[in-house]
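Dear colleague,

Please find the structure below, together with its sequence. My notes on it follow directly after.

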Number of protein chains: 2
Amino acid sequence: MRSVNIAILGCGNVGKYVVKNLFELRNFIKEKFSLDINVKKILVRDKQKERIAEGFKIPQHLLTTHFSEIIDSSPDIVVELIGDLENSRTYIRECLNRGIKVVTANKLVLTFDDEIFQNPNVFFDASVGGGIPIIRTIINSVPDDIYEITGILNGTTNFILSYMEEGKDFQESLELAKKLGYAEPDPSFDINGTDAAQKICILSALVFGVRVRPNEILKEGISFITKLDIDFAREFGYSIRSIAISRKKNYEGEEKLEVAVYPALVPSDSPLAQVKGNLNAAVIKGKRIGELFLKGEGAGGNPTSISIIADIIEASLTYRESKKEFLAPNDKLIHHDMMVSKFYVRLSVVDNPGVLAKIADSFGKNNVSIESVLQKGRGITISEPVPIFIITHECLERDIKRALEECSRLDVVLQTPFYLRIYQ
Amino acid sequence: MRSVNIAILGCGNVGKYVVKNLFELRNFIKEKFSLDINVKKILVRDKQKERIAEGFKIPQHLLTTHFSEIIDSSPDIVVELIGDLENSRTYIRECLNRGIKVVTANKLVLTFDDEIFQNPNVFFDASVGGGIPIIRTIINSVPDDIYEITGILNGTTNFILSYMEEGKDFQESLELAKKLGYAEPDPSFDINGTDAAQKICILSALVFGVRVRPNEILKEGISFITKLDIDFAREFGYSIRSIAISRKKNYEGEEKLEVAVYPALVPSDSPLAQVKGNLNAAVIKGKRIGELFLKGEGAGGNPTSISIIADIIEASLTYRESKKEFLAPNDKLIHHDMMVSKFYVRLSVVDNPGVLAKIADSFGKNNVSIESVLQKGRGITISEPVPIFIITHECLERDIKRALEECSRLDVVLQTPFYLRIYQ
């Protein structure tokens with residue numbers, strides 16, 4: 001039986017559950033792994049605040065407000081759950097310098113600090129996918145040429161989009177997500193794709209050895225999705241999901257990378273479309289392994305703490321000497337204008353004869369060919385706008401943009417045309 | 001860079017792919033894990049036979065027909081892929097005695113040899129789920145109180161059942177499975193549930209620490225499923241899948257275990273129903289982790305070899321000292337007659353007034369209440385049989401059996417009634 005001393009930095013929601021579950025699972029971990037894991041110290045800002053997780057009260061005597069006491073407790077592993085950039089990075093570096101292994105779920109540090117990210121003694125499965133072991137699976141279970149990883153990595157946006165499928169609009173769905181605790185009071189980082197962008201950048205670095213920053217990738221939020229889009233996507237056989245994608249693309253004979261976060265139409269019978277509510281998921285595609293699909297709880301104190309505890313166990317049992325290496329980003333990332341895709345287009349037009357011909361003409365002149373068109377209902381007067389929905393064949397994103405620019409100059413087209421990519 | 005010497009016992013389909021992929025991935029594994037993996041010797045019965053995997057020819061000089069040469073090659077890890085019970089067990093024990101770690105996919109040895117199964121230096125992720133890291137996920141990623149694991153662990157039966165959903169009958173589907181290489185020339189161990197039973201016994205031992213043998217558990221094959229069942233299950237909102245299940249059940253205040261393999265009705269919108277073709281999948285349910293779902297390729301040289309290579313890497317990097325411990329089986333397993341479930345029932349009856357009343361009476365007298373009934377079409381003459389489909393509310397399996405025995409004695413009931421469990 002080996003004794004493992006743990007110190008924890010930060011004791012918010014996830015931190016509380018880590019402490020509770022390490023206590024509850026202590027005998028289980030002794031039996032299964034011959035490890036006796038002891039929580040020695042917890043760094044907090046306020047020692048007086050009461051911290052309770054499912055009735056378990058965090059013992060007051062473990063709390064400290066001084067990082068020096070963390071070090072003095074001689075931890076084998078420090079679990080960093082503060083989540084900011086500057087303090088966390090300082091603490092993590094200090095620990096690593098002293099030979100202490102680090103477990104963290106800190107997306108900011110992992111995205112922006114190469115040294116910490118590359119350090120083999122840093123374990124961060126919980127930073128992506130909450131309770132789903134996406135990172136551990138990539139690292140430990142798929143020694144293969146992975147050519148794509150696509151995920152639903154943000155539970156808030158997935159909850160909203162799947163609730164909108166039940167006929168609600170964006171705002172109602174967001175309010176419910178807040179009420180149920182699936183959205184933060186300020187949910188902008190979730191809604192606009194920032195959270196998922198950080199996660200897909202972490203996965204890209206792991207899978208492709210390419211260091212991409214969140215601000216370098218295409219990132220689109222979901223606030224422009226309407227009930228109309230959800231309904232008409234369904235008529236075409238699709239669901240709308242906010243996906244985070246990182247995949248190899250052959251572009252003019254060279255191997256490039258698409259890394260992006262955007263709402264896309266996914267086939268209704270595909271695994272990603274079946275991800276409902278605030279769940280997360282990932283599809284890992286490898287040359288030999290085929291498609292591996294993982295789905296589960298992407299957030300929450302209990303599931304996330306289990307990922308962290310799994311990291312603590314792995315850190316205790318594993319000896320790693322290798323460093324992950326990165327390439328420069330700029331010669332790999334492909335600009336989205338140069339990506340080939342099928343597209344979904346929504347236009348608002350005046351309902352009179354010849355409108356479709358004019359639109360089709362703009363599409364044709366820009367090398368975009370139309371696969372199907374849907375127009376439902378009509379205005380009460382001839383001048384009232386009606387929506388037209390179009391699915392295109394595969395074309396360059398640059399070309400659909402040009403076609404839609406041209407359409408928006410037509411006097412029969414009433415609003416800025418809206419488009420979404422179709423995931424294939 | 002650490003050098004790791006490998007020897008392989010057996011060079012059938014999976015073995016060939018292990019050798020090919022270890023060669024192809026050698027640099028990848030050097031970079032990612034600082035391990036230089038060398039295949040030193042391969043034990044075969046016939047050295048002259050040509051062995052080729054995707055154009056890669058297994059080098060003749062690696063082959064030997066003598067186990068002593070395997071030992072003489074000083075392997076750090078031996079990969080056992082012979083797959084029988086007696087020879088494999090002898091070789092594996094010999095390796096372990098000499099301090100050589102073992103990677104194996106041998107379900108027979110794992111199911112019947114406790115010593116080998118419990119040895120911490122035996123790695124066997126590939127024995128269940130082919131390319132899906134089900135075992136590695138349970139061991140390394142879910143340190144939680146798991147209360148259920150349910151899987152689709154046999155690709156042959158899943159292929160047949162999902163092909164039957166397209167309107168084919170059992171025999172046609174089986175023939176196609178053979179033609180596509182998804183079924184063995186003699187597929188009985190797949191069709192009758194033996195293969196899945198071995199796998200769920202391995203998972204039960206890992207998850208619940210209970211040693212259960214395949215012959216001790218309920219095991220039902222799929223050969224009695226008809227197109228009618230598939231179609232009417234769909235009308236009720238279900239798909240039929242052959243599931244392997246191991247879960248805790250509270251029975252009269254005691255914690256018992258259900259371990260079984262049977263075709264069941266699963267809700268059409270559930271993840272298991274979405275598993276099509278020869279894919280495999282597993283749902284892992286834990287107190288804290290919630291539901292974790294994994295899906296992927298459950299067989300085939302390439303996917304399975306990746307699991308084996310992941311085990312080789314793990315065996316090279318990990319130091320394990322703990323032993324898995326088992327409890328006796330008999331005080332844990334619950335007899336299926338004592339299980340509560342909803343049931344699907346198919347009866348063949350004479351189509352005349354009062355039939356349903358008689359059936360309902362037999363059900364009622366045995367504490368089985370009916371949720372819904374479907375009867376479609378009718379005989380051309382009044383004496384021609386028609387099928388009746390029934391979904392029950394929850395009841396004891398013992399009671400549905402008694403009800404159906406009583407029904408089968410009614411003169412209006414023409415064949416032995418057929419029932420399936422509904423998975424919830």
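Is A:Gly167 buried or exposed? The model is a predicted one, and in it A:Gly167 has 10 other C-beta atoms within 10 Å, so this residue is exposed; the cut-off for that class is 12 or fewer. A:Gly167 sits in the loop that links α8 (155-164) and α9 (170-179) of chain A. Between A:Gly167 and A:Ile306 there are 35 Å in space, C-alpha to C-alpha, and 139 residues in sequence.

Strand β9 (residues 146-152) of chain A is largely enclosed by the rest of the structure, because five of its seven residues are buried. β9(A) runs antiparallel to strand β13 (residues 279-286) of chain A, and six bridges join these two strands. Within that pairing, A:Lys285 in β13(A) stands opposite A:Glu148. β9(A) also pairs in the antiparallel sense with strand β11 (residues 238-251) of chain A, over four bridges. There, A:Ile149 has A:Ser246 of β11(A) as its bridge partner.

Next, the domains. Chain A is divided into domain 1 (2-127), domain 2 (134-299) and domain 3 (337-422). The centres of domain 1 and domain 2 of chain A, taken over C-alpha atoms, are separated by 28 Å. Eight residues from domain 1 of chain A and ten residues from domain 2 of chain A make up the contact between them. On the domain 1 side, α5 (107-112) and α6 (114-118) of chain A each supply at least two residues, and α5(A) gives the most, with three residues. By class, that side of domain 1 of chain A has three nonpolar, two polar and three charged residues.

Finally, the two chains. The contact between chain A and chain B takes 42 residues from chain A and 42 residues from chain B. On the side of chain A that touches chain B, the elements giving two or more residues are α2 (26-33), α7 (134-141), β14 (290-297) and α13 (301-317) of chain A. The most comes from α13(A), with nine residues. The residues of this side of chain A divide into 20 nonpolar, 13 polar and nine charged. Strand pairing also crosses from one chain to the other: β14(A) and strand β14 (residues 290-297) of chain B are antiparallel and pair over three bridges. In this pairing, B:Lys295 of β14(B) is the bridge partner of A:Phe293.

With kind regards

Note on methods:
Residues are numbered from 1 along each chain as its sequence is written. Chains are lettered from A and ligands numbered from 1 in the order in which they are written. This is a predicted model: local features need pLDDT of at least 70, side-chain atom pairs count only at pLDDT 80 or more; totals for chains, interfaces and linings use all residues. Two residues are in contact if their C-beta atoms, placed from the backbone, lie within 7 Å. Ala, Val, Leu, Ile, Met, Phe, Trp, Tyr, Cys and Pro count as nonpolar, Asp, Glu, Lys and Arg as charged, and the others, Gly among them, as polar. Two strands pair if DSSP finds at least two bridges between them. A residue is buried if 20 or more other C-beta atoms lie within 10 Å of its own, exposed if 12 or fewer, and partly exposed in between; C-beta atoms are placed from the backbone. Domain bounds come from an automatic or database domain assignment.
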